[in-house]
Amino acid sequence: MSNNPLSRFFGWFFHRSRGDSPFKTLMIHATLIVACIIAVYPVLRVVTISLRPNDTLLTTDLRIIPENATLDNYKEVLFGDPEKNRQSDFFLWIWNSISVVAVTSVISVILAAISAYAFSRFRFPGREAGLVFLLTTQMIPAGMLLLPLFIMIAKLKMINTSLGLIIAYAVTSVPLTIWTLKGYYDTIPVDLEEAALIDGASRVTVFTKIILPLSTPALAIAFLFSFMGGWSEYLVARVVLQKNEIFTWPLGIFTFAQQFTVSWGQFAAASVLIAIPVMALFLYSSKWLISGLTLGSVKG
Amino acid sequence: MASVTYKNVFKKFGDLMIIKDLNIQVEDKEFLVLVGPSGCGKTTALRLLAGLEEITDGQIIIGDRVVNDVAPKDRDIAMVFQSYALYPHLSVYDNMAFGLKLRKTPKEEIKRRVGDAAEILGITDLLQRKPRQLSGGQRQRVAVGRAIVREPKVFLFDEPLSNLDAKLRVQMRAEISKLHQRLQTTFIYVTHDQTEAMTMASRIAVINKGKLLQLDTPQNLYDYPNNLFVAGFIGSPAMNFFPAKLVKEGDKMLVDTGDFKVAIPDKHAAPYKSMDGKSVVFGIRPENIHDPEFAPQNILAEKITSKVDVTELMGNETLLYLVSGKNSYVGRVDPRSKLRVSDSAAMIFDMDKFHIFDAETENAIR
Ligand SMILES: Nc1ncnc2c1ncn2[C@@H]1O[C@H](COP(=O)(O)OP(=O)(O)OP(=O)(O)O)[C@@H](O)[C@H]1O
Ligand SMILES: [Mg+2]
């Protein structure tokens, strides 16, 4: 092999693992490249739109950074428009979203961590049925649950409160979280618990001192999934919240889409700004995600 | 320090009776080994004692307290698991200190006890490591260490050596025996390895299919097995068995295997006098079979003409796999033996050391 950078690049690019044929390698890469383009293109378009000076949604221009690119849209989203005497609620929405989603995730992880332990370790009447039932709740599309959710929250007199939204989110995320955590608990050898029981621990101590510390990767995953689930949720929030002060960001950015004019530039800029923290969180937690998605058994 | 008693203990899993009427009295400071084939219920018996399973019927007594309804943590026992069950997220020190911390032992005291135990087991250098950074043998020591810092009344071991290689196993065997002498505490030790049982136990309980077959010192178990199973299980290579009939010829009792007949020496014949025609199993251990050339003097010898099938030279002894008619058996002979494959010889059976079992009940007749 020559050492020129180009051939090294191709060598790396078409690196054949497990002795796959060149054709297979080519097909795999082609598929991956197409998939990447499909995934990334819309995001790039949003970035482009956010940089355009006026609210033109459709152009034939394919450049990512448009001619006469400007950050005006970002400024306006973040700080409002003093000329039109309009204040920005952007930070408020973000704060609302973070608080609602964080509280939701904490509640659902706590609830799920405890109930998953029972499902994993105890044999009680209704255990199997309970597990299946939890799973079936995940098969009902969110739209179908909208009306019943609204009615229940209304009966609780929690329409238009953050608490109402938190409860709505928690009930939808707990079942999946239970399954995730139960799956993880199942891989923790019972021996460890029995050793602790003999060592002098009660069931509760076993749970807090052995099971929970060993489950941190799974708990982190559960928290993250629950967080991601709530973060970009629109439908339920739309139904529960009606006051601007408690809007979460998905509701908030739709205020850019007013009756007659749609500020696509600001809409896009807000979307990009929101994506950044989520991406950061994802990158930061990718280590956990990967170790968590391949959650293996705990070896002593 | 306490005695342990199983009193008519039964254990059922679903409809399956796993432990059947177990009665064992373990004396204070004794080293009792529970031995038996895989699946016979040894682990279950130990878990019942530890309180990890509930007993179906009967009583378990530790010291003078019936512990049927006592939680594991209040039974004052420590257990070493086959898998070691070290807490993966805690350092070796914290693994060993775990039980003491839960019992609110003063910090200084914990430090001293963990230090002492680590000293005894030679793991002082490992205290800051995590279990996954240890070898199998080191984990095993930590597991033992975690048990001894608690200074319990009774130690339970469930096949603690089965995951170690042969050499380490022999070494740990000796160390556990030493530990027992040093701690002067009741040890109950489960294994399916009869060598482990023979070398470590002060008494051995042989269990099969959930039943206690015999409970005695290693030597008595070896010399006087109560039944066919114990006779075959204890000793390696195993005792030779020949299906046979007792026959009376003149005033002599003979064992007739169909291929050969051996006379029961007069001084041992009393129990068999009235058993003419009875179906029995005749048993003799490999070391009581000799090469005619090197047979000791003054033994009650019977000559059995046999053909050598396989030889295993061990250096300090030679194992001969022999065939006589439709019977095959093993002899453990003098290493100077010149017998080789396909040779025929009149092998010497030492008739002072035979066993006879009832073919039907499988119990020893003596
Ligand atoms: N929780 C359980 N539920 C149902 N059956 C069980 C349970 N635990 C053990 N058994 C059964 O009880 C029998 C005895 O099991 P046990 O673990 O005591 O055997 P063991 O003598 O320790 O064997 P080994 O030498 O293989 O460890 C086995 O047939 C096993 O299948
Ligand atoms: Mg076992």
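Guide: Helices here are DSSP runs of H or I with at least four residues, strands are runs of E with at least two, and both are numbered from the N terminus. The model is predicted. With that numbering, α8(A) gives the most to the lining of the largest cavity, namely three residues. The elements that give two or more residues to this lining are α8 (190-199) of chain A together with β6 (77-80) and α4 of chain B.

The residues from chain A that line the largest cavity are A:Ala195, A:Ile198 and A:Asp199. From chain B, the lining takes in B:Ala78, B:Met79, B:Phe81, B:Arg146, B:Ala147 and B:Arg150. By class, six residues of this lining are nonpolar, none is polar and three are charged. The volume of the largest cavity is about 50 Å³.

The count of cavities of 30 Å³ or more comes to two. The second largest cavity holds about 30 Å³ of space. Its lining consists of B:Leu48, B:Glu53, B:Glu54, B:Ile55, B:Ile60, B:Val67, B:Asn68 and B:Arg75. Four of these residues are nonpolar, one is polar and three are charged.

B:Glu151 sits in the loop between α4 (136-148) and β7 (154-158) of chain B. Phi of B:Glu151 is near 50°, a positive value in a residue other than glycine. B:Glu151 counts as exposed because its relative accessibility is 52%, and exposed means over 50%.

Terms used. Residues numbered from 1 in each chain as written. Chains lettered and ligands numbered in written order. Predicted model: local features only at pLDDT ≥ 70, side-chain atom pairs only at ≥ 80, totals over all residues. Heavy atoms only, no water. Buried < 20%, exposed > 50% of the residue type's maximum accessible area, 1.4 Å probe, protein only. 1 Å grid on protein atoms, 1.4 Å probe; cavity = no way out; pocket = protein on both sides within 12 Å on 5 of 7 lines; lining within 4 Å. Points joined across faces, edges and corners; volume = space filled by probe spheres on them. Nonpolar A, V, L, I, M, F, W, Y, C, P; charged D, E, K, R; others polar.
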